[in-house]
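Work through the exercises below with the sequence and the model at hand. Each task is followed by a solution in steps.

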Amino acid sequence: MSLNLNNIKDIEGVLSMLKPDQITTLLGKVVIHKKPRFNNIDNSRREYRLKVSDLYFSAEPKPHQLINDRPMTPEEYSGHRQGVWEQIRSGVDL
């Protein structure tokens with residue numbers, strides 16, 4: 001038996017002929033596809049970037065820090081800062 005259920009009235013007619021337990025069985029077999037939710041924003045990349053920035057600025061040397069009771073030279077400061085940056089970019093502490 002082939003039914004043409006393209007019209008709401010056709011569907012209502014078929015449902016009116018069914019008993020309640022048949023309707024329950026039928027609805028149990030119906031697959032409902034949920035629409036994707038576009039209002040969920042993935043912030044994982046942003047959170048990762050913030051963690052990297054926080055880690056860098058918490059470990060970055062300050063120009064006024066002392067090494068062996070003397071201020072850092074510009075070369076020492078630059079080398080230490082570059083080393084911290086490379087370590088953070090490699091993901092060692094994340």
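**Exercise 1.** Classify Tyr56 as buried or exposed, and do likewise for Phe57.

Solution. Step 1: take the cut-offs, where buried means under 20% relative accessible area, exposed over 50%, and partly exposed in between (1.4 Å probe, protein chains only). Step 2: Tyr56 has a relative accessibility of 11%, so Tyr56 counts as buried. Step 3: Phe57 reaches 52%, so Phe57 is exposed.

The model is predicted: local features need pLDDT of at least 70, side-chain atom pairs count only at pLDDT 80 or more, and totals for chains, interfaces and linings use all residues. Residues are numbered from 1 along each chain as its sequence is written, and side-chain values use heavy atoms, with hydrogens and water left out.

**Exercise 2.** Which aromatic pairs does Tyr56 form, and what is their geometry?

Solution. Step 1: apply the pairing rule, in which rings of Phe, Tyr and Trp (its six-membered ring) pair if their centres lie within 6.5 Å; planes under 30 degrees apart count as stacked, over 60 as edge-to-face and the rest as tilted. Step 2: the rule gives a count of two aromatic pairs. Step 3: in the pair of Tyr56 and Phe57 the centres are 5.1 Å apart and the planes make 75°, which is edge-to-face. Step 4: for Tyr56 and Trp85 the centre distance is 5.2 Å and the plane angle 90°, so this pair is edge-to-face. Step 5: the pair links distant parts of the chain, with Tyr56 in helix H3 and Trp85 in helix H4, 29 residues apart. Helices (H or I, at least four residues) are DSSP runs, numbered from the N terminus. Step 6: Trp85 is partly exposed, because its relative accessibility is 35%. Step 7: Tyr56, Phe57 and Trp85 form one aromatic cluster.

**Exercise 3.** How many salt bridges does a search of the whole structure find, and which residue forms a salt bridge with Arg70?

Solution. Step 1: the criterion is a side-chain nitrogen of Lys or Arg within 4 Å of a carboxyl oxygen of Asp or Glu. Step 2: the search returns one salt bridge. Step 3: Arg70 is bridged to Glu76, and their closest N and O atoms lie 2.8 Å apart. Step 4: Arg70, at 34% relative accessibility, is partly exposed, and Glu76, at 27%, is partly exposed as well.

**Exercise 4.** Which residues form the positive surface patch, and which helix gives the largest share?

Solution. Step 1: patches are made of residues with over 30% relative accessible area and no salt bridge, like charges being joined within 9 Å and nonpolar side chains (Val, Leu, Ile, Met, Phe, Trp, Tyr) within 5 Å. Step 2: Lys and Arg count as positive, Asp and Glu as negative, while His and the chain ends are not counted. Step 3: the patch consists of Arg45, Arg46, Arg49 and Arg89. Step 4: helix H3 (residues 44–59) supplies the largest share, three residues. Step 5: Arg49 lies in helix H3 and is partly exposed at 46% relative accessible area.

**Exercise 5.** Identify the nonpolar surface patch and the elements that contribute to it.

Solution. Step 1: the members are Ile8, Ile11, Leu15, Leu26, Leu27, Val30 and Ile32, with about 660 Å² of accessible area together. Step 2: two or more residues each come from helix H1 (8–17) and helix H2 (20–29). Step 3: H1 gives the most, three residues. Step 4: Leu26 sits in helix H2 and, at 41% relative accessibility, counts as partly exposed.

**Exercise 6.** What separates the C-alpha atoms of Gln82 and Glu60, and those of Tyr48 and Lys29?

Solution. Step 1: Gln82 and Glu60 are 22 residues apart along the chain, and their C-alpha atoms are separated by 9.1 Å. Step 2: Tyr48 and Lys29 are 19 residues apart, with a C-alpha separation of 43 Å. Step 3: Gln82 is in helix H4 (residues 74–89), and Tyr48 is in helix H3.

Key
Areas by Shrake-Rupley, 256 points an atom, 1.4 Å probe, with all protein chains shown as cover. Charge placed at Lys NZ, Arg CZ, Asp CG, Glu CD.
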